[in-house]
Amino acid sequence: MAAKPPSRFRVAVCQLDVRHDKRENLARARELVHRAARRGAELVALPEMFVCPYAAELFPRYAESYPGGEALQMLSQAAREERLYLVGGSIPEREGDRLYNASFVFDPEGKLIARHRKVHLFDVDLPGGFSFRESATLSAGSGPTVFSTALGTIGVAICFDIRFPAFFREMARRGAEVIVIPGAFNMITGPAHWELLLRARAVDNQIYTVGAAPARNPAAPYVAFGHSMVVSPWAEVIARAGPEETILTAEIDREYLKNIRQKLPLAAEKSAAEGCSGDRNGKGNGV
Ligand SMILES: O=C(O)CCC(=O)C(=O)O
């Protein structure tokens, strides 16, 4: 029988300053994972698109297919050598003639245990003239990703996925206690929504959320907000980075999570919205 997960463990986010040179990104990511391990982290996360600048037209050039590819090899090897669970941020993944924004997760033996392909692609026209079209080069994944580990049940979602509450609800329903979100919010939506969404998804599902952002590089074509964050199931920000390259660590406390779920038993309740037949005339409850 599998051993019971520990009540506490340390998570780390490597807030990498992503540059154009893939090899350099991989080498620095490897070094940050090593430093995170030395700080006692058993679950480590890298940022969204940590191998390349965040630009749809660049994704094909940096893409890899499983199981080959330098990034995937580095991730598997790093997880094995450091004996930890590694959520490999995300990379452009090629399968046949399609590309995905995909996160590969490796266990302490270096074995692939999960892959999440971003489901909600970032196709937006924001105020101020900022537009982004991930769908210009990427295809969407098809569902949520939740998996068992020796540390408990973990989910992975990528960036824009966080804006969809029902998607996170489904991950929580499948048992996720910690959801890791590699995400590169920008200088418009980052200050407005990044913390809000990490805290909202944490409190409404009573989970830990771990937001893994790249560091801010003002010279990049897409300027990331940074500010990786770990949020408790009570919506407390328990660790927060600034904009620069850094390693963030925090303690995940599964007893605390259980306690909150017991004292405030939301999952057991069927919400009014799920239970009702839908009064479209807005007459309300029994009027
Ligand atoms: O939702 C946002 O504001 C940012 C999303 C994003 O940058 C992404 O999905 O990569």
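Modeller: Two strands pair if DSSP finds at least two bridges between them. Helices (H or I, at least four residues) and strands (E, at least two) are DSSP runs, numbered from the N terminus. Residues are numbered from 1 along each chain as its sequence is written. This is a predicted model: local features need pLDDT of at least 70, side-chain atom pairs count only at pLDDT 80 or more, and totals for chains, interfaces and linings use all residues.

Let us pick β5, residues 98–106. Start with β4, residues 91–95. 5 bridges join β4 to β5, and the two run antiparallel. Glu-93 stands opposite Tyr-100 in β5. The two strands form a hairpin, with 2 residues between them. Gly-96 sits in that turn, with a positive phi of about 60°.

Now follow β5 onward to β6, residues 112–117. Again there are 5 bridges, and again the strands run antiparallel. Val-105 stands opposite Ala-114 in β6. This hairpin has 5 residues between its strands. Here Gly-110 takes a positive phi near 85°.

β3, residues 85–87, also pairs with β5. 2 bridges join them, and they run antiparallel. Leu-86 has Phe-106 as its bridge partner in β5.

How many residues of β5 are buried? A residue is buried if 20 or more other C-beta atoms lie within 10 Å of its own, exposed if 12 or fewer, and partly exposed in between; C-beta atoms are placed from the backbone. In β5, 8 of the 9 residues are buried, so the strand is largely enclosed by the rest of the structure.

Stay with Leu-86, the bridge partner of Phe-106. Two residues are in contact if their C-beta atoms lie within 7 Å.

Leu-86 leads on to the core. A nonpolar core is a set of buried Ala, Val, Leu, Ile, Met, Phe, Trp, Tyr and Cys residues joined through C-beta atoms within 7 Å. The largest one has 85 residues. Leu-86 is among those with the most contacts inside it, along with Cys-14, Val-44, Val-180 and Val-210. In soluble globular proteins, nonpolar side chains tend to be buried together.

For contrast, look at another sheet. 6 strands form an open sheet in the order β9-β10-β11-β12-β13-β14, with mixed pairing. Its edge strands, β9 (145–149) and β14 (237–240), each pair on one side only. The twist averages 20° from one strand to the next. β13 and β14 pair over 3 bridges in the antiparallel sense. There, Val-231 stands opposite Val-237 in β14. Helix α5, residues 189–205, packs on this sheet and touches β12, β13 and β14. Its direction makes about 155° with that of β12. For such angles, axes are lines fitted to C-alpha atoms, for helices over the stretch in contact, and angles run from 0 to 180 degrees between N-to-C directions.

Back to β5 to finish. Trace its pairing with β4, then with β6, then with β3.
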